[in-house]
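Please examine the sequence and the structure shown below. The briefing that follows describes them topic by topic.

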Amino acid sequence: MKPQVFVLAVFLAFNFGNSQIENDKVLHFVGGALFGLAGAGIAKEISDGDRYWTFAGAVGGALLVGLGKEAIDSGQDGNSWDNGDVLATALGGIAVGFTIDIFTAKKRRKQARTAQLDYNNNLDLFFKNGLPTLNELQFSTTIIHTE
């Protein structure tokens, strides 16, 4: 029941938000998010996963498309440059950049914890020459079955 309530709340929030924001700005935000995702992917590949370059790629990709779209719009009759559209497009790229950083931060923390675990050094704290054999632990190496 809880997931249905959450989905309903999200749809209602989008419905109320959509009535408050011009449809053109929403389309610019979505376009900025899509091209920001492409820019982030390209920057991540080029920079070998550097988080700052990935974020810069997301924002840069969105800004590049937003500025290009407004430049084309300003050259058309009856159309003019709109800084609000550029801002909406850039916010789409920023949102994607933050989202990617949040999801990859969890992966980085997990990798850092795994890198800190050095099993050989931890074993040396208890066993100087590695793990003991069964004979050293006084266990028999044969299996005895009793009924």
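Which residue's side chain meets that of aspartate 85 in a salt bridge? It is lysine 25, and the salt bridge of aspartate 85 and lysine 25 spans 2.8 Å, N to O. A salt bridge is counted when a side-chain nitrogen of Lys or Arg lies within 4 Å of a carboxyl oxygen of Asp or Glu. The model is predicted, so local features need pLDDT of at least 70 and side-chain atom pairs count only at pLDDT 80 or more, while totals for chains, interfaces and linings use all residues. Residues are numbered from 1 along each chain as its sequence is written, and side-chain values use heavy atoms, with hydrogens and water left out.

**Overall architecture**

- The protein chain has five helices and zero strands; helices (H or I, at least four residues) and strands (E, at least two) are DSSP runs, numbered from the N terminus.
- Read from the N terminus on, the elements follow the order α-α-α-α-α.
- The protein chain has 147 residues, of which 20% are buried; buried means under 20% relative accessible area, exposed means over 50%, and partly exposed lies in between (1.4 Å probe, protein chains only).
- The accessible surface of the protein chain is about 11700 Å², and carbon and sulfur atoms account for 65% of this surface. Such areas come from the Shrake-Rupley method with a 1.4 Å probe, and for residues only the protein chains shown count as cover.
- Of the contacts in the protein chain between residues at least 6 apart in sequence, 58% join residues at least 24 apart; a contact means heavy atoms within 4.5 Å.

**Salt bridges**

- The structure holds four salt bridges.
- Aspartate 85 lies in helix α4 and lysine 25 in helix α2, so their pair ties together parts that are 60 residues apart in sequence. Both aspartate 85 and lysine 25 are buried.
- Lysine 25 has a relative accessibility of 16% and therefore counts as buried.
- Aspartate 82 and lysine 25 also meet through their side chains in a salt bridge (2.8 Å, N to O). Because aspartate 82 lies in the loop between α3 and α4 and lysine 25 in helix α2, this pair ties together parts that are 57 residues apart in sequence.
- Aspartate 82 is partly exposed, with a relative accessible area of 27%.
- A network of salt bridges links Lys25, Asp82 and Asp85.
- Leaving aside neighbours within four places in sequence, lysine 25 is in contact with Asp82, Gly84, Asp85 and Ala88.
- The side chains of aspartate 101 and arginine 51 form a salt bridge (2.9 Å, N to O). This pair links distant parts of the chain, with aspartate 101 in helix α4 and arginine 51 in helix α3, 50 residues apart.
- Aspartate 101 is buried, with a relative accessible area of 19%, whereas arginine 51 is partly exposed at 36%.

- In soluble globular proteins, nonpolar side chains tend to be buried together.
- Here, the largest nonpolar core has five residues, namely Ala33, Ala40, Ala58, Val96 and Ile100. Helices α2 (23-46) and α4 (83-116) each supply at least two residues of this core.
- A nonpolar core is a set of buried Ala, Val, Leu, Ile, Met, Phe, Trp, Tyr and Cys residues joined through side-chain atoms within 4.5 Å.
- Not counting residues up to four places away in sequence, alanine 33 touches Gly92, Gly93 and Val96.

**Nonpolar surface patch**

- A nonpolar patch on the surface is formed by Phe29, Val30, Leu34, Phe35, Leu87 and Leu91, which together have about 560 Å² of accessible area. The elements giving two or more residues to this patch are α2 and α4.
- The largest share of the nonpolar patch, four residues, comes from α2.
- Patches consist of residues with over 30% relative accessible area and no salt bridge; like charges are joined within 9 Å, and nonpolar side chains (Val, Leu, Ile, Met, Phe, Trp, Tyr) within 5 Å.
- Leucine 91 lies in helix α4 and is partly exposed, with a relative accessible area of 40%.

**Aromatic pair**

- The structure holds one aromatic pair. Phenylalanine 55 and phenylalanine 98 form this pair, which is tilted, with 5.1 Å centre to centre and 55° between the planes.
- The pair links distant parts of the chain: phenylalanine 55 lies in helix α3 (residues 51-74) and phenylalanine 98 in helix α4, 43 residues apart.
- Rings of Phe, Tyr and Trp (its six-membered ring) pair if their centres lie within 6.5 Å; planes under 30 degrees apart count as stacked, over 60 as edge-to-face and the rest as tilted.
- Phenylalanine 55 is partly exposed, with a relative accessible area of 28%, and phenylalanine 98 is partly exposed at 48%.
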